[in-house]
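Hi everyone, thanks for making time for this. I'd like to walk you through one structure today, starting with a sheet and then moving on to some charged side chains.

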Amino acid sequence: MVDNYNRQLHMTTYDRLKEQCQGSSSSECQTVNRMGGFRSGMPTDDPNISASKVVANYDINGNVVSYVLIDRSSNQATMIMEPLEYAAYRNAPAGIQAMMQLSPQYALDFASSGLYSSAGDYGRAAENLIAGLTSRDYIRDVFLGVVGSTLTTSAAGKVKAGVNKPFPNLEPAEQIIHPVIFPVKQIQSVSYSGKLNYVVTESGELIIGKTGHISLSQGGDVLAAGEARFVNGNLRLINNSSGHYRPNGASAQSAAEKAFNKAGFDATGKYKEIKF
């Protein structure tokens, strides 16, 4: 049987799956067992991964089958990943690496799906996508998000209409993909530096992430959208640079500043409007 699974796992998830896989020959269990390897190397330093030491696991033929990250502070194993995922991880900025350590397992599965899709391996991309979509944690978070959105929308409906102007998606035919979201608390806690996209939904919710604006909003109307630049977890600049929505005017600026301030950032004087 050909094993098509490729994974990156939090160590707690890996240990749980390994225990569940005793006596099983499923494809996923073949991957879990293979990732453990026949022998392990000594912890080494990778100049691209400052927060962890790295241990390589080898199969009986001496081929690397996985890498384990060992936290330098606690000396505990935190993640295990196969070579393709490890290559992507070590080339990511330190802030992204830190976020991956904190991300739920389904977010790692979605990241793997994106890696294999980019590499043209759509079979493995689909398998990782399914693993994320069928995760109990993902189903729980989606449910809570829907309930929260419903409650927020209901409350917003009681506010006087017309205060903020909604902007529609100007390219409705363009494909919407699963969003890669950066939670506000993680941006702040890992002192993230870099540029991200953002949208403010009609209910006033701020969503920040790496994917395009229509993916962050899932195609819905927005009150504001653009780019946000962070330095060490602090907001430095926000604008209205979104070709899909082209938000403009005082309404978009007000919605953006209000959402970022509510999220705990200081947006005062940070907004810059771009003319389309």
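Before we look at the sheet, one term: two strands count as paired if DSSP finds at least two bridges between them. Please also keep in mind that what you see is a predicted model.

With that in hand, find the open sheet of five strands, whose order is β8-β7-β9-β10-β11. The pairing in this sheet is mixed. Which strands sit at the edges? They are β8, residues 206–209, and β11, residues 271–272, and each of them pairs on one side only.

Now let's zoom in on one pair of neighbours. Strand β9 covers residues 222–231 and strand β10 covers residues 234–239, and the two pair in the antiparallel sense over four bridges.

Let's move on to charges. Side chains of opposite charge can pair when their charged atoms come close. How many salt bridges does a search of the whole structure find? The search finds six, and I'll show you some of them.

Start at Asp 45. Its side chain meets that of Lys 53 in a salt bridge, at 2.9 Å from N to O. Asp 45 also forms a salt bridge with Arg 72, where the closest N and O atoms are 2.7 Å apart. Put together, Asp 45, Lys 53 and Arg 72 are linked in a network of salt bridges.

Are these residues buried or exposed? Asp 45 is exposed, because its relative accessible area is 51% and the cut-off for exposed is over 50%. Lys 53 is partly exposed at 29%, and Arg 72 is partly exposed too, at 39%.

Finally, step along to Asp 46, which forms a salt bridge with Arg 90, the closest N and O atoms being 2.9 Å apart. This pair also links distant parts of the chain, with Asp 46 in strand β3 and Arg 90 in helix α3, 44 residues apart. Asp 46 is buried, with a relative accessible area of 10%, whereas Arg 90 is partly exposed at 25%.

Definitions and conventions: Residues numbered from 1 in each chain as written. Predicted model: local features only at pLDDT ≥ 70, side-chain atom pairs only at ≥ 80, totals over all residues. Heavy atoms only, no water. Salt bridge = Lys/Arg side-chain N within 4 Å of Asp/Glu carboxyl O. Buried < 20%, exposed > 50% of the residue type's maximum accessible area, 1.4 Å probe, protein only.
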